[in-house]
Amino acid sequence: MSEQRRAEIAESLREVRERVDAACRAAGRRPDEVELLAVTKTFPAADAALLADLGQAAFAENREQEARGKVAEFASLRPESSARWHMVGQLQRNKARSVVRWADVVESVDSTRLAEALQRATANAIAAGERTAPLDVLIQVGLDDAAGRGGCPPTDVPVLAAEITRHSDLRLRGVMAVAPLGGDPDVAFGTLSKIAQHLREDYPEAVDMSAGMSGDLESAVAHGSTRVRVGTALLGGRRLISP
Ligand SMILES: *Cc1c(COP(=O)(O)O)cnc(C)c1O
């Protein structure tokens, strides 16, 4: 079973890397300009371990509660691994303490109150010896008007960026977005790309644009994405889980 899973994952990883490389070539970009983030939500730590064996270095989760146990299990499966973990899902402020214990990057910061909670939690975690590094964060930009999908309105990005950079234990690294369901990803990623460029002018270290998933990574890379977040195309379809 595990051998079969390993072969399956090896094949999809090869295919996804090829898609990213082809998208880079089509856009006249170097393949090393785009990082592949493996989204392991709903899949077991064992799958992340297989991916790590194949050279995959960065992983993402979208539910704090699911992630904390999985990251711990991954660490016991692959104690030598230096894998990095990203939180990409909506995050409640009361989960800040827990998320900073396992996440290297939180990509879903969409309010000044969440930024404050993460600053406090990171400072406490550093003081308690639970982490050593400041927390890398991205501003999640909401590209549609639909409520509940998270993301800061584009017009609020400058204010949120200014707030984040006031916090001594947060490092603003760029922006993240999910293309609106049913919308044209080229339009969404074109908008995100402009927002990312403006942010870089004010904050030169905010270089990242995290955009593109299994279904739209080519469009995201064409618009300058520096990190694609891929789940389904790597690990297969997810069963629906209750919220
Ligand atoms: C699930 C998820 C992904 C990956 O989506 P796929 O379509 O499975 O590749 C990317 N980003 C976020 C924020 C997600 O929640």
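**Close-up 1. Helices H1 and H2 meet through residues of both helices in this predicted model.** On the H1 side, Arg5, Arg6, Ile9 and Leu13 take part, and they meet Asp47, Leu50 and Leu51 of H2. The axes of H1 (residues 2-26) and H2 come within 10 Å and cross at roughly 60 degrees, which makes H1 oblique to H2. The crossing of H1 and H2 is right-handed. Sorted by class, the residues in the contact of H1 with H2 are four nonpolar and three charged, with no polar residue.

**Close-up 2. Helix H2 also crosses helix H3, and this crossing is right-handed.** Two packed helices are described by the angle between their axes and by the distance between the axes. For H2 (residues 45-53) and H3 (residues 64-77), the axes come within 9 Å and cross at roughly 50 degrees, and H2 and H3 are therefore oblique to each other. The contact is made by Ala45, Ala46, Ala48 and Ala49 on the side of H2, and by Lys70, Glu73, Phe74 and Leu77 on the side of H3. By class, the contact of H2 with H3 has six nonpolar and two charged residues, and no polar ones.

**Close-up 3. Thr42 lies in the loop between strand S1 (35-39) and H2.** Although Thr42 is not a glycine, it has a positive phi of about 70 degrees. With 18 other C-beta atoms within 10 Å, Thr42 is partly exposed, because a residue counts as buried at 20 or more such atoms and as exposed at 12 or fewer.

**Close-up 4. Ala125 is a buried residue of helix H5 (residues 112-127).** Why is Ala125 classed as buried? It has 21 other C-beta atoms within 10 Å, and the cut-off for a buried residue is 20 or more. When its neighbours within four places in sequence are left aside, Ala125 is in contact with Val100, Arg101, Glu130 and Arg131. Ala125 and Val106 are 19 residues apart in sequence, and their C-alpha atoms are 15 Å apart in space.

**Close-up 5. A shell of 14 residues lies around the ligand.** Of these residues, Met213, Ser214, Arg229, Gly231 and Thr232 come nearest to the ligand. Strand S8 (227-230) and helix H9 (232-235) each supply at least two residues of the shell. Divided by class, the residues of the shell around the ligand are six nonpolar, six polar and two charged.

Definitions and conventions. Residues numbered from 1 in each chain as written. Predicted model: local features only at pLDDT ≥ 70, side-chain atom pairs only at ≥ 80, totals over all residues. Axes fitted to C-alpha atoms, helices over the stretch in contact; angles between N-to-C directions. Helix = DSSP H or I, 4+ residues; strand = E, 2+ residues; numbered from the N terminus. Parallel < 35°, antiparallel > 145°, perpendicular 65-115°, else oblique. Left-handed = near helix turned anticlockwise from the far one by under 90°. Contact = placed C-beta atoms within 7 Å. Nonpolar A, V, L, I, M, F, W, Y, C, P; charged D, E, K, R; others polar. Near = placed C-beta within 6 Å.
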